2 protein chains.
Amino acid sequence: MPIINSNNYEVLVDEHIDKLKSLISNYQKIAVIVDENTISHCYPIVKDHFGNHELIEISSGEKNKNLDTCNFIWSQLIEKSFDRKSLVINLGGGVIGDMGGFCASSYMRGIDFLQMPTTLLSQVDASVGGKLGVDYQGLKNIVGTFNNPIAVWINTDFLHTLPKKELISGFAEMIKHSLISSKDIFYKLSKIDLNQKIDWTTLVHESVGIKNKVVLEDPFEKGLRKILNFGHSLGHAIETESLKTDDPLPHGYAIAIGMILESNIAVEKGLLSLEESNQISEFITKIYGRFDLSDYDMDAIISNLKHDKKNEDTKFLFSLVGPIGHCNYNVEVKLSEIENAFNSYQ
Amino acid sequence: MPIINSNNYEVLVDEHIDKLKSLISNYQKIAVIVDENTISHCYPIVKDHFGNHELIEISSGEKNKNLDTCNFIWSQLIEKSFDRKSLVINLGGGVIGDMGGFCASSYMRGIDFLQMPTTLLSQVDASVGGKLGVDYQGLKNIVGTFNNPIAVWINTDFLHTLPKKELISGFAEMIKHSLISSKDIFYKLSKIDLNQKIDWTTLVHESVGIKNKVVLEDPFEKGLRKILNFGHSLGHAIETESLKTDDPLPHGYAIAIGMILESNIAVEKGLLSLEESNQISEFITKIYGRFDLSDYDMDAIISNLKHDKKNEDTKFLFSLVGPIGHCNYNVEVKLSEIENAFNSYQ
């Protein structure tokens with residue numbers, strides 16, 4: 001696959017092993033951050049490329065994406081005498097990528113790091129764009145920074161090690177990328193059967209390419225980049241609620257509901273035709289099933305929405321697809337329109 | 001005084017109140033970080049320029065420049081609903097500037113901050129250069145980042161509120177700035193009597209101008225910027241030891257000893273004449289007195305030196321003045337040369 005050029009770094013999808021080894025060989029000391037999943041499933045596939053290195057193992061899961069784990073990572077870097085010329089390799093999903101990237105970016109005021117995303121979600125989404133951070137006091141990524149890795153190396157072999165639910169979760173971001181930028185890719189994805197053999201190399205390359213194009217144009221989310229938030233305003237608000245239950249929704253499942261709900265709003269706003277909205281809704285429902293939203297407290301969802309970093313004061317600004325392949329941002333949405341969208345979903 | 005242009009921001013020394021007010025008026029929400037000293041001595045002088053604002057009060061001192069205090073600042077920003085368009089004003093010395101700047105730079109992946117340094121040390125040193133951070137596990141500034149404020153506003157009226165010892169401490173960095181860049185300024189400073197009335201506006205403007213010129217040429221300390229470390233290799237190592245005692249040395253006092261010791265090394269290396277070294281040593285001793293270094297454990301000082309971020313592995317790389325007005329960097333120094341410098345000081 002051709003190399004994708006991002007902001008001063010390259011995204012390598014499969015192959016390119018020589019390039020990877022040559023990059024890593026510039027560093028005298030290397031730390032590889034893993035969790036209990038990636039150390040057993042992914043690390044054996046790639047460890048021979050690393051040369052001499054130290055492992056820093058953390059516990060997986062969003063609940064560990066916090067300042068306590070940062071303290072542990074910084075302590076490990078200090079204890080193992082990592083200096084300004086060392087490299088951190090983040091071998092994991094979004095949690096390790098965001099948190100390990102933040103720790104590297106703030107250790108000794110910033111040392112180099114390399115992203116090696118292992119989940120479909122992190123390969124097509126978190127891997128580019130430079131957003132790093134951890135959660136604090138129940139708020140997602142409230143402490144963090146923007147910074148770029150020296151490179152992103154994506155190995156789609158990792159995807160075969162993922163639980164099915166994790167794969168489906170990541171697929172939601174691929175659907176989103178198609179909806180905001182390419183009708184052709186949306187229709188191509190619509191025909192995919194996730195139970196069959198899939199050419200992940202091409203699909204991941206295409207999807208990360210879309211995200212990369214957007215973030216290159218607007219690295220600090222001043223404008224255009226907001227289109228990547230399609231499905232995320234309501235998706236995040238629902239995800240936050242679901243995290244309080246015994247059976248939290250994976251991120252992509254929450255975004256899938258968010259995309260259907262926000263498509264409903266786009267129809268009400270006259271941005272999207274009912275026909276296209278139905279196509280979106282049918283495709284997503286085929287993969288993710290129907291959700292029972294009556295379990296969720298509407299007031300709590302609205303309250304989460306108000307705490308969203310993307311909203312200014314009390315105005316709700318959404319990114320809404322319409323027509324398919326195009327996304328509008330900074331669209332002002334009223335509370336009543338949000339309620340209508342929920343009602344028409346039920 | 002003319003405005004000093006730094007990297008995308010301006011340094012305003014005294015006056016310029018209209019410019020300051022106009023900058024601040026761009027923000028809907030403003031947090032002013034203070035400590036128990038600046039709230040009583042400096043805040044009353046400037047609070048009318050801030051418009052509506054919230055105060056965040058922390059405890060003064062290097063021992064509070066840590067991640068616990070960061071957690072407190074982040075919590076306060078969350079509790080008071082600060083958003084991406086808010087401003088943090090750091091009204092304090094180096095501790096507040098470094099830590100408040102780091103907290104702002106990592107809150108919501110970075111919100112704007114304005115530096116309002118209140119000590120002589122922070123006015124001529126920490127105010128420009130973009131180095132932010134906090135101490136962790138006994139290591140200075142080990143967690144931090146590089147980032148620039150929207151502006152630096154220096155009010156030399158604050159200096160009249162400082163204890164004498166604090167003023168003398170800051171003066172050491174002014175001496176250093178002259179030694180590394182201008183023989184004329186060094187001789188001018190040599191004639192100053194700190195007990196008389198002093199034109200701080202001109203002196204501070206000149207000194208921060210020197211630092212600014214250096215950091216503009218080398219923002220990320222790849223080369224030239226290292227000259228700012230003159231006196232700091234041994235100065236920091238001694239400061240770290242003194243922090244373990246009941247009567248720790250103020251930063252500038254430690255740097256003053258460091259400058260004398262490193263001048264001795266520069267003489268041994270043939271970089272500095274004995275005559276100039278004596279001028280440096282006499283001037284510094286006149287202000288700071290003679291120190292009894294026999295209280296310090298030489299092995300501990302060397303061990304601190306080895307943990308210095310500036311040293312690579314076991315080589316000691318110093319920045320050494322010679323002749324006065326010029327500084328050499330990446331000079332390899334042997335352990336025996338360090339020992340000789342200590343012996344010839346005693």
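Residues are numbered from 1 along each chain as its sequence is written, while chains are lettered from A and ligands numbered from 1 in the order in which they are written. As the model is predicted, local features need pLDDT of at least 70 and side-chain atom pairs count only at pLDDT 80 or more, whereas totals for chains, interfaces and linings use all residues.

Two copies of a chain are related by a rotation about an axis and a shift along it. Here, chain B is superposed on chain A by a rotation of 180 degrees with 0.0 Å of shift along the axis, and the RMSD is 0.0 Å; the superposition is by least squares on the C-alpha atoms of residues with pLDDT of at least 70 in both copies. This is the relation of a two-fold axis. The same surface serves both copies, as 100% of the contact residues of chain B recur in chain A.

In the interface, 25 residues of chain B are in contact with 25 residues of chain A, contact being defined by C-beta atoms, placed from the backbone, that lie within 7 Å. On the side of chain B that touches chain A, at least two residues each come from α4 (67-79), α5 (94-106), β7 (131-136) and β8 (139-146) of chain B. These elements are DSSP runs numbered from the N terminus, with helices being H or I of at least four residues and strands being E of at least two. The largest contribution to this side is that of β8(B), with 6 residues. By class, this side of chain B holds 10 nonpolar, 9 polar and 6 charged residues; Ala, Val, Leu, Ile, Met, Phe, Trp, Tyr, Cys and Pro count as nonpolar, Asp, Glu, Lys and Arg as charged, and the others, Gly among them, as polar.

The strands β7(B) and β8(B) run antiparallel and are joined by 5 bridges, where pairing requires at least two DSSP bridges between two strands. Gly133(B) has Gly144(B) in β8(B) as its bridge partner. The two strands form a hairpin with 2 residues between them, and Gln137(B) in the turn has a positive phi of about 50 degrees.

The largest nonpolar core has 188 residues, and among those that touch the most other members are Ile33(A) and Ile33(B). Such a core is a set of buried Ala, Val, Leu, Ile, Met, Phe, Trp, Tyr and Cys residues joined through C-beta atoms within 7 Å. Beyond its neighbours within four places in sequence, Ile33(A) contacts residues including Ile56(A), Ile73(A), Val88(A) and Gly100(A). In helix α7(A), 14 of the 18 residues are buried; a residue is buried if 20 or more other C-beta atoms, placed from the backbone, lie within 10 Å of its own, exposed if 12 or fewer, and partly exposed in between.

Most residues other than glycine have a negative phi, and most peptide bonds are trans. Asp14(A), in the loop between β2 (10-13) and α1 (17-24) of chain A, has a positive phi of about 55 degrees and is partly exposed, with 16 other C-beta atoms within 10 Å. Asn8(B) likewise has a positive phi, near 70 degrees, and is exposed, with 8 other C-beta atoms within 10 Å. The peptide bond from Gly322(A) to Pro323(A) is cis, with omega near -10 degrees, and Pro323(A) is placed in the loop between β10 (316-321) and β11 (327-333) of chain A. In chain B, the bond from Gly322(B) to Pro323(B) is cis, with omega near -15 degrees.

Technical notes. Contact = placed C-beta atoms within 7 Å.
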